[in-house]
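Here are my notes on the model you sent.

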Amino acid sequence: MEKVKLSSKEKYLGEVDNKLKKIIEKNGHIVFKPNRKNQFESLVKIIISQFISTKAANTIFLNLKKSLNTDSLQPLVFRNLSTYEIKKLGLSVNKSRSIKSLSDLFIDQNFTDLKQLSEDDLHKNLLSVFGVGNWSVSMFEIFCIGKLNIFSSKDAALRISMNRFGMIKPESDLKFYDDYAERWSPYKTIASLHLWKAID
DNA sequence: CTGCATACTGCAGACGAGTG
DNA sequence: CACTCGTCTGCAGTATGCAG
C-alpha cells in the first residue's frame with residue numbers, strides 16, 4: 001500500500017526509463033535528505049565507508065566518535081594526532097593517513113563551506129586529499145551537498161543493481177554505465193537512490 | 001550450536017610489461 | 001634510462017556458509 005505519492009522528479013525518471021519506472025513504483029517515494037551540516041564529518045564517514053559494508057563502516061565511525069568523546073568531528077581534533085594514533089582508534093593505516101590529510105586540507109584552506117567552491121575547485125581540493133578518489137567525491141556531492149545530478153559508475157552496488165534490472169550486462173566497461181545514466185539527467189542522484197534501495 | 005574462513009560498495013602504491 | 005599503463009595487494013567489521 002504505497003500511500004506516499006511519487007515526486008515530479010521520480011515521475012520524470014519513469015517517463016524517460018521504463019526499467020527504472022518499475023523500480024521506482026516498487027520502491028515508492030524516497031525522501032532525499034542530504035546531511036548538509038558537518039561537511040568534514042561527512043567526508044570522514046565516506047572515507048571510512050570505502051571498500052567495506054555500510055554496517056561495518058557505521059560501527060567504526062561510532063567507535064571513532066566515542067573514542068574521541070565528541071558528537072561532532074572537527075579537523076582540529078586530528079591536528080595533534082599522529083597517523084599511528086588515529087589508526088589505534090580503529091582505522092587502517094591508509095584511512096588514518098587519509099583522515100589526517102583531510103584535516104590538514106581543512107585547516108590549511110580554512111574551509112567553512114565547501115558548497116561555495118566552484119565544481120572544479122571542489123573536485124581539485126578533494127581529490128588532492130590522500131585516499132579520496134572520484135567515488136568519494138560523488139558520495140559527498142550526493143549525501144552532504146545534495147546535488148541532484150550525480151551518478152558514479154565506480155559504485156559497485158549501483159552497477160550490480162543496473163545489471164540485475166537488465167540495464168547493463170555484467171562485466172561491461174564502466175563507460176557503458178555512465179552512458180546509460182545520461183538519460184536520467186538532470187536527476188541522476190534520484191535514480192541512484194532508487195537503484196540502491198532496490199537491492200537493499 | 002560454535003568457530004572459522006571468506007567475500008565484500010575504494011584507494012594508493014608497488015611492481016612488471018610495453019614503449020620510445 | 002624514463003616514462004605510461006595495467007594488474008595486483010592490503011585494509012577496517014559483518015554476514016554468510018560450511019565444517020565440526
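1. The surface near DNA strand B divides into 7 nonpolar, 5 polar and 3 charged residues. In this count Ala, Val, Leu, Ile, Met, Phe, Trp, Tyr, Cys and Pro are nonpolar, Asp, Glu, Lys and Arg are charged, and the others, Gly among them, are polar. In total 15 residues surround DNA strand B, and the closest are Phe51, Phe130, Gly133, Lys154 and Ala156. A residue is near a strand if one of its heavy atoms lies within 4 Å of it.

2. Before going further, note that this is a predicted model, in which local features need pLDDT of at least 70 and side-chain atom pairs count only at pLDDT 80 or more, while totals for chains, interfaces and linings use all residues. Residues are numbered from 1 along each chain as its sequence is written, chains are lettered from A and ligands numbered from 1 in the order in which they are written, and side-chain values use heavy atoms, with hydrogens and water left out.

3. What part of DNA strand B comes within 4 Å of the protein? Sugar or phosphate supplies 76% of those atoms, and bases supply the rest. Polar backbone atoms of the protein take part here: one of Gly133 is 2.9 Å from a phosphate oxygen of DNA strand B, and one of Ala156 is 3.4 Å from a phosphate oxygen.

4. Helix H9 (134-145) and helix H10 (156-164) each supply at least two residues of the surface near DNA strand B. Helices (H or I, at least four residues) are DSSP runs, numbered from the N terminus.

5. DNA strand C is surrounded by 14 residues, the closest being Phe51, Ala56, Thr59, Ser92 and Lys95. Of its atoms within 4 Å of the protein, sugar and phosphate account for 56%. By class, the surface near DNA strand C has 6 nonpolar, 5 polar and 3 charged residues. H4 gives the largest share of this surface, 4 residues, and both H4 and helix H7 (93-109) supply at least two residues each.

6. Two atom pairs at DNA strand C deserve a look. In the side chain of Thr59, an N or O atom is 3.1 Å from a phosphate oxygen of DNA strand C.

7. Please check the backbone at Phe51, which has a positive phi of about 70 degrees although it is not a glycine. Phe51 is in the loop between helix H3 (39-49) and helix H4 (54-68). Ser185 and Pro186 are joined by a cis peptide bond, with omega about 5 degrees. Pro186 is placed in the loop between helix H11 (174-181) and helix H12 (188-198).

8. Chain A is assigned domain 1 (8-32 + 150-198) and domain 2 (39-145); such bounds come from an automatic or database domain assignment. The domain centres, taken over C-alpha atoms, are 27 Å apart. Contact (heavy atoms within 4.5 Å) involves 8 residues of domain 1 and 7 residues of domain 2.

9. How much area is buried between domain 1 and domain 2? The value is about 680 Å², with 77% from carbon and sulfur atoms; buried area is the accessible area (1.4 Å probe) that two parts lose on being put together, summed over both. On the side of domain 1, Ile150, Lys154 and Trp196 lose the most area to domain 2, together 55% of what that side buries.

10. The count of salt bridges (a side-chain nitrogen of Lys or Arg within 4 Å of a carboxyl oxygen of Asp or Glu) between the two domains is 0. The whole structure has 5 salt bridges. In one of them Glu41 pairs with Lys65, with the closest N and O atoms 3.1 Å apart. That pair links Glu41 in helix H3 to Lys65 in helix H4, 24 residues apart.

Methods. Polar contact = N/O pair within 3.5 Å; in protein donor to acceptor, adjacent residues only side chain to side chain.
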